[in-house]
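I opened the model to look up its charged pairs, a surface patch and the sheet. My entries follow in that order.

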Amino acid sequence: MDATQLLKGVLDLAVLAVLRDEDGYGYDILRRLRAAGLEEVGDASVYGTLRRLFAAGLLTTYVVPSESGPHRKYYSLNSAGRDELVRSGKLWRSFATTMDQLVDDRGMTA
């Protein structure tokens with residue numbers, strides 16, 4: 001199974017989850033996703049996801065000046081984003097539970 005295909009389906013949820021407790025700029029969000037175990041995630045995928053989530057009204061942005069380089073655009077969850085995180089989280093848990101049961105029922109667990 002190709003992990004990148006699985007990642008495409010859950011990247012929105014993963015980005016919302018890493019922004020739950022702390023705002024972040026693009027590279028910081030990418031670093032946090034990779035540190036959490038999503039090493040396969042690509043730069044372009046994360047930046048595209050951030051733009052899409054912002055356009056959907058789930059994120060707000062603000063710019064922070066930087067003394068060592070260009071200004072950084074930070075992303076934060078707004079109330080719609082928090083609602084979507086809860087909704088998508090419930091959907092993910094239900095899906096993951098179903099998949100766990102299917103795999104376990106077939107004797108395929110590691």
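I looked up arginine 87 and found it partly exposed, at 48% relative accessibility; buried means under 20% relative accessible area, exposed over 50%, and partly exposed in between (1.4 Å probe, protein chains only). Arginine 87 forms a salt bridge with glutamate 84, with 2.6 Å between the closest N and O atoms. I count a salt bridge when a side-chain nitrogen of Lys or Arg is within 4 Å of a carboxyl oxygen of Asp or Glu. Glutamate 84 and arginine 87 are about one helical turn from each other because they sit three residues apart in helix 4 (residues 79–105). Helices (H or I, at least four residues) and strands (E, at least two) are DSSP runs, numbered from the N terminus.

Within it, aspartate 28 and arginine 32 have their closest N and O atoms 2.8 Å apart. I placed both in helix 2 (residues 26–35), four residues apart, about one turn of the helix. Aspartate 28 is buried at 9% relative accessible area, and arginine 32 is buried at 13%.

I also checked arginine 20, which bridges to aspartate 21 at 3.8 Å between the closest N and O atoms. Arginine 20 is partly exposed at 40%, whereas aspartate 21 is exposed at 70%. My count of salt bridges comes to six.

This is a predicted model, and I kept its limits: local features need pLDDT of at least 70, side-chain atom pairs count only at pLDDT 80 or more, and totals for chains, interfaces and linings use all residues. Residues are numbered from 1 along each chain as its sequence is written, and side-chain values use heavy atoms, leaving out hydrogens and water.

I then found a nonpolar surface patch of Trp92, Phe95, Met99, Leu102 and Val103, together about 430 Å² of accessible area. Patch members have over 30% relative accessible area and no salt bridge; like charges are joined within 9 Å, nonpolar side chains (Val, Leu, Ile, Met, Phe, Trp, Tyr) within 5 Å. Areas are Shrake-Rupley with a 1.4 Å probe, and for residues only the protein chains shown count as cover. Leucine 102 lies in helix 4 and is partly exposed at 38%.

Last, I traced the sheet: it is open, with three strands in the order 1-3-2 and antiparallel pairing. Strands pair if DSSP finds at least two bridges between them. Strand 1 (24–25) and strand 2 (59–64) are the edges, each pairing on one side only. I found two bridges between strand 1 and strand 3 (residues 72–77), and tyrosine 25 opposite tyrosine 74 in strand 3.
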